[in-house]
Amino acid sequence: MSREDVLVSAAWSEENLNTPGVVFVEVDEDISAYDGGHIPGAVKIDWKNELQDPVRRDFVDREGFEKLLSAKGISNDDTVILYGGNNNWFAAYAYWYFKLYGHDAVKLLDGGRKKWELDGRPLDKEPVVRETTAYTAQEQNLALRAFRDEVVDAIGQKNLVDVRSPDEFSGKLLAPAHLPQEQAQRAGHIPSAINVPWSKAANEDGTFKSNEELAEIYGEAGFDGSRKTIAYCRIGERSSHTWFALHELLGHEDVKNYDGSWTEYGSLVGVPVELGSGKEA
Amino acid sequence: MSNGCGAPEQGVEVQVGANEVVLTGKVRSEGGPVGGAFVRLLDASGEFTAEVVSSAEGDFRFYAAPGTWTIRALHRSGNGQASVNAEGPGVHPVEVAVA
């Protein structure tokens, strides 16, 4: 797989805003970002209210995903270009989620909203209405998704890549530094995990680093290319960004995203937790 | 999920917990406050820690830990950065000029 199969540039995107069969989708947690100005013609998906089950902690089921994409006017034949704020965290999460339900023609806009805005490219507030479709999804491809028991089993066996900040990894903070620190679960990380913050994979403008730079970053951190891999963070969106770098850009074959992540693992009774930098002295 | 990773609204009054280290201030240019800037918190080694978008009035806020921090702002009109030394809990003001 080449980079062009999974990423598009802001320049390419601006030239293809009206290309038939290409649908731009903004994915944010904060949907007011979209309402304040979006890429012309883009529809929005709300990370929380549209992709998560409203009651249980899980995703909307296959039927729910079909209804959502049909209502958004996305068809099975469309190429979906995802972008969003937070350095594309939620767009990368949606990318992984689209792949999970079998939509292969999906790409990320490299750099997301940040790159688009820093370039001074156009945003508008025009309402976007697309004709509804009859979208059909596949069953979830669980080769991409890790659950808690296999994470516990992976300790010391697979690459566990903790993509949170070093202070969250060591147990000093429970959440990223732009959020209040009010969570109740235990701090720390999964034993044997390496810490490669998601941000290492991104340039300052939000675009992904080159494959050569990425390979060096993960290699230096102790990533073993011969092993299977599970990436996690706090709730599974930053780790989608790293899943994208490892699986889609670097082409590592067996990489799963653990969407339960630290908010699940750090609340489990009886599982091992490690504190500190995790590096052996 | 009520505990997403998106930043809370910037620039509103917040209750600061007794042990919280809050770094807060405005992004400015010669023309006044700069809203919509990407404000990045870098630790003492220059490593990225967090990022928020400044409010319409240029406000930003981080929940950090004691230490020396760099706050770097990116905007289509220009970039800039400032350093702040937070010795302990409390609110530590900092202003960042972009040009």
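**Reading the backbone and a sheet**

Tutor: Asn87(A) counts as buried because its relative accessibility is 3%; buried means under 20% relative accessible area, exposed over 50%, and partly exposed in between (1.4 Å probe, protein chains only). The model is predicted, so local features need pLDDT of at least 70 and side-chain atom pairs count only at pLDDT 80 or more, while totals for chains, interfaces and linings use all residues. Residues are numbered from 1 along each chain as its sequence is written, chains are lettered from A and ligands numbered from 1 in the order in which they are written, and side-chain values use heavy atoms, without hydrogens and water.

Student: What is the phi of Asn87(A)?

Tutor: Most residues other than glycine have a negative phi. Asn87(A), however, has a positive value near 55 degrees, and lies in helix 5 of chain A. Helices (H or I, at least four residues) and strands (E, at least two) are DSSP runs, numbered from the N terminus. Asn86(A), also in helix 5 (residues 85-100), has a positive phi of about 50 degrees and is partly exposed, at 25% relative accessibility.

Student: In what order do the four strands of the open sheet in chain B stand?

Tutor: Two strands pair if DSSP finds at least two bridges between them. In chain B the order is 4-3-6-7, with antiparallel pairing. Strand 4 (48-53) and strand 7 (78-86) each have a single partner strand, so one side of each lacks a neighbour in the sheet.

Student: How many bridges join strand 3 and strand 4 of chain B?

Tutor: Strand 3 (residues 38-42) pairs with strand 4 over five bridges; Leu42(B) stands opposite Phe48(B) in strand 4.
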